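Student: I am new to this structure and would like to go through some of its residues. Could we look at it together?
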Amino acid sequence: MEEERPSTLPFATSFNPSNPLGALDELLDFIGQKSNFLIKDTAEKEIVTAVTAAITKERQRKTEEESVIMTLEPETTPPEESGEKMSKKAAKKEAAKLEKLRRKKEQQEEESSRNATSMSLEDDEYSSNYGDVILSGLPDPKAETWRKAVEGKEWTDVSDLVGEMVGSEVLIRGRVHTVRSGMFVILRQSGFTVQCVAKKSEETKVSANMINFLKELSDESIVEVIGVVSLPKDPVTGATQQQVEIQVRKVYCLSRSLPKLPLIPEDAARSEADIEKSEKDAAKRTTGRRKRYVRILQDTRLNNRVLDLRTPANQAIFTLTCRFKYTFAELLSSKGFIDINTPRILGGSSEGGSAVFRFDYKGKPACLAQSPQLYKQMAICADFPRVFVIGPVFRAEDSFSHRHLCEFTGVDVEMGIQRDYTELMDQVDHLFLPTFTKINEMFSKELETVRKQYPFEPLKFHEKTLRLTFEEGIQILKEAGVEIDPFGDLNTESERRLGQLIREKYNTDFYILYRFPLAVRPFYTMPCEDDPRYSKSFDVFLRGEEIISGGQRIHDPEMLEKRARECGINVETISTYIDSFRYGAPPHGGFGMGLERVVMLFCGLDNIRKTSLFPRDPHRLAPKLYITKTTMLLPFYFLIIYWFNSFCRIYKYTTHK
């Protein structure tokens with residue numbers, strides 16, 4: 001039978017200030033004896049072992065300190081007279097006095113070292129040209145020097161540094177990417193890098209102390225450099241701005257980074273090909289040492305996302321994401337679409353099924369919107385001829401695939417239909433083909449930056465998008481030996497295989513399949529008149545994976561209610577939606593897509609988490625993985641350490657008292 005969890009820790013109420021080490025023994029016994037019901041797997045036991053070892057080490061240190069004091073006491077027999085008692089107290093007092101003198105001497109030595117460094121800086125006639133700047137609102141002489149140095153100057157972006165600027169003085173702000181010999185500093189700003197050179201001379205007003213200051217700068221610290229643009233003898237291959245460099249005149253550090261980082265952006269920016277090459281070179285080398293690059297795993301990247309996002313490829317990916325989003329919005333607006341905002345809290349599911357995040361909404365059941373589907377249709381019923389929505393979408397699917405997220409940015413379109421639902425596919429052409437062309441032409445530099453770390457082939461697409469019926473797609477797969485249910489849906493493997501076959505046959509990565517089986521579409525999809533087994537719907541594919549699902553909607557309330565019941569949806573939860581069609585609704589349809597998936601496939605990336613700023617999946621609710629049994633125990637471990645430190649402080653106080 002499983003042991004019951006104690007309501008209180010045994011040492012929490014029995015702590016004796018005069019004997020903290022005895023209480024600590026109880027603490028260690030508690031960890032050793034009672035942790036079996038808390039921890040079950042090896043990894044968690046290793047955590048407990050590490051914490052226990054740390055506490056034991058601290059205990060030994062405290063014991064040694066106590067022994068030092070005891071050695072200073074005279075060896076006497078148990079005192080019987082008050083004079084002997086006074087002698088023992090005097091010994092303890094003397095020991096405390098010696099300890100105090102020792103600490104005072106250490107402080108004086110540290111202060112002397114700091115004063116020597118300070119005097120060295122003060123002796124430097126160019127000390128005002130460099131240093132740490134504290135911008136905390138408190139008086140700081142160095143901050144005043146920095147303000148005077150940058151007063152009247154305009155900041156220049158690293159990306160704008162070109163050969164035409166040679167001889168001009170510039171002010172740039174960026175992060176320390178790397179420092180070599182103190183003389184060469186690579187400065188990084190939003191993925192662009194430039195080499196800054198500090199040469200000791202009277203002319204440049206660069207002193208040896210300034211070079212030492214640069215040597216001590218930790219990577220990722222934020223600095224401002226004032227210098228002169230010059231031409232290097234040879235192109236700087238280690239920087240994006242290869243044709244220029246900066247001759248440093250002044251440099252100020254605005255924020256220092258920790259010297260040891262959980263992830264180094266320079267390592268995170270390397271391609272898989274570079275890493276594999278370094279491994280092969282290291283394996284071949286028989287003498288000396290060959291540097292082997294570090295491979296940063298995906299979880300490490302996502303757990304330290306702020307550092308990972310600083311790489312040039314990530315900077316380019318999210319620049320492209322922004323451009324895709326606003327290009328879509330511009331093109332839709334130019335076609336008469338109105339940008340609307342729809343609720344993300346619903347009384348019932350918008351797509352049907354169980355993949356929704358449910359919660360209590362003021363005593364009523366509610367869920368997060370799987371899509372803005374119901375409300376964009378209601379907008380059409382409200383006489384908005386064409387609408388679109390760009391915003392968050394939530395799916396509670398337990399999918400751990402490379403292309404699914406629990407939260408993503410949806411781009412949803414809805415419009416009235418004049419003749420038939422092929423007008424929707426025409427709108428897809430009007431939206432995507434100009435976007436692909438614009439991205440390729442105007443953002444080639446960002447695409448090349450992504451390609452440098454994550455190589456991919458340019459997207460192939462036709463001026464008129466290829467359209468095939470679902471039955472034709474199934475036939476192509478059958479001819480290749482792939483058996484598919486003619487009235488089922490395509491799985492990921494079938495989609496990819498079909499994409500390969502279509503690329504070989506039609507030389508395109510972008511195509512449309514339409515007339516899908518009704519059974520695999522949402523309840524609001526309009527059936528085909530000639531064969532109700534099929535629907536007036538379509539999917540759009542990019543590099544063999546689905547990016548868009550769309551079709552014509554049912555605008556008849558009785559048919560809509562019937563289809564909802566057939567799909568297992570409680571009609572009462574969507575009564576407002578159905579009632580909106582009882583007041584007259586035009587034929588209409590639309591489509592929706594995930595922005596992150598579009599960017600992922602356009603750039604040929606292997607995982608959608610690369611195109612989500614802070615991805616949410618079944619295992620990730622923050623930059624770090626969501627709370628597990630191990631992380632639930634961490635507060636308990638921290639509490640133990642806190643109590644132990646409290647014991648030590650009380651013990652120290654009572655001893656000196």
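Student: Where does T508 lie?
Tutor: This is a predicted model. In it, T508 is found in the loop between helix 15 (492-506) and strand 14 (510-514).

Student: Is T508 buried or exposed?
Tutor: T508 counts as buried, because its relative accessibility is 0% and the cut-off for buried is under 20%.

Student: What lies 3.1 Å from a polar atom of its side chain?
Tutor: That is the backbone oxygen of F510.

Student: Which residues is T508 in contact with, leaving aside neighbours within four places in sequence?
Tutor: The contacts of T508 are then K460, F461, H462, L466, I502 and R503.

Student: Both F510 and F461 have come up. Which cluster do ring pairs link them into?
Tutor: Ring pairs join F461 and F510 with F324, F328, F432, F436 and F602 in a cluster.

Student: How many aromatic pairs are there in the whole structure?
Tutor: A search of the whole structure gives 16 aromatic pairs. One of them is formed by Y130 and F213, a tilted pair with 5.7 Å from centre to centre and 45 degrees between the planes.

Student: Why does that pair tie together parts that are apart in sequence?
Tutor: Y130 belongs to strand 1 (residues 130-132) and F213 to helix 5 (residues 208-215), so the pair ties together parts 83 residues apart in sequence. Y130 is buried at 3% relative accessibility, and F213 is buried with a relative accessible area of 8%.

Student: And F487 with Y534, why is that pair tilted?
Tutor: The ring centres of F487 and Y534 are 5.4 Å apart and the planes are at 40 degrees, so the pair counts as tilted. It links distant parts of the chain, 47 residues apart: F487 is in the loop between helix 14 (470-479) and helix 15, and Y534 is in the loop between strand 14 and strand 15 (537-542).

Student: How accessible are those two, F487 and Y534?
Tutor: F487 is partly exposed at 30% relative accessibility, whereas Y534 is buried, with a relative accessible area of 4%.

Student: Changing topic, where does the charged end of R270 sit?
Tutor: The charged end of R270 sits over the ring of Y293, 3.8 Å from the ring centre.

Note on methods:
Residues numbered from 1 in each chain as written. Predicted model: local features only at pLDDT ≥ 70, side-chain atom pairs only at ≥ 80, totals over all residues. Heavy atoms only, no water. Helix = DSSP H or I, 4+ residues; strand = E, 2+ residues; numbered from the N terminus. Buried < 20%, exposed > 50% of the residue type's maximum accessible area, 1.4 Å probe, protein only. Polar contact = N/O pair within 3.5 Å; in protein donor to acceptor, adjacent residues only side chain to side chain. Contact = heavy atoms within 4.5 Å. Phe/Tyr/Trp six-rings, centres within 6.5 Å; stacked < 30°, edge-to-face > 60°. Lys NZ or Arg CZ within 6 Å of the ring centre and 35° of its normal.
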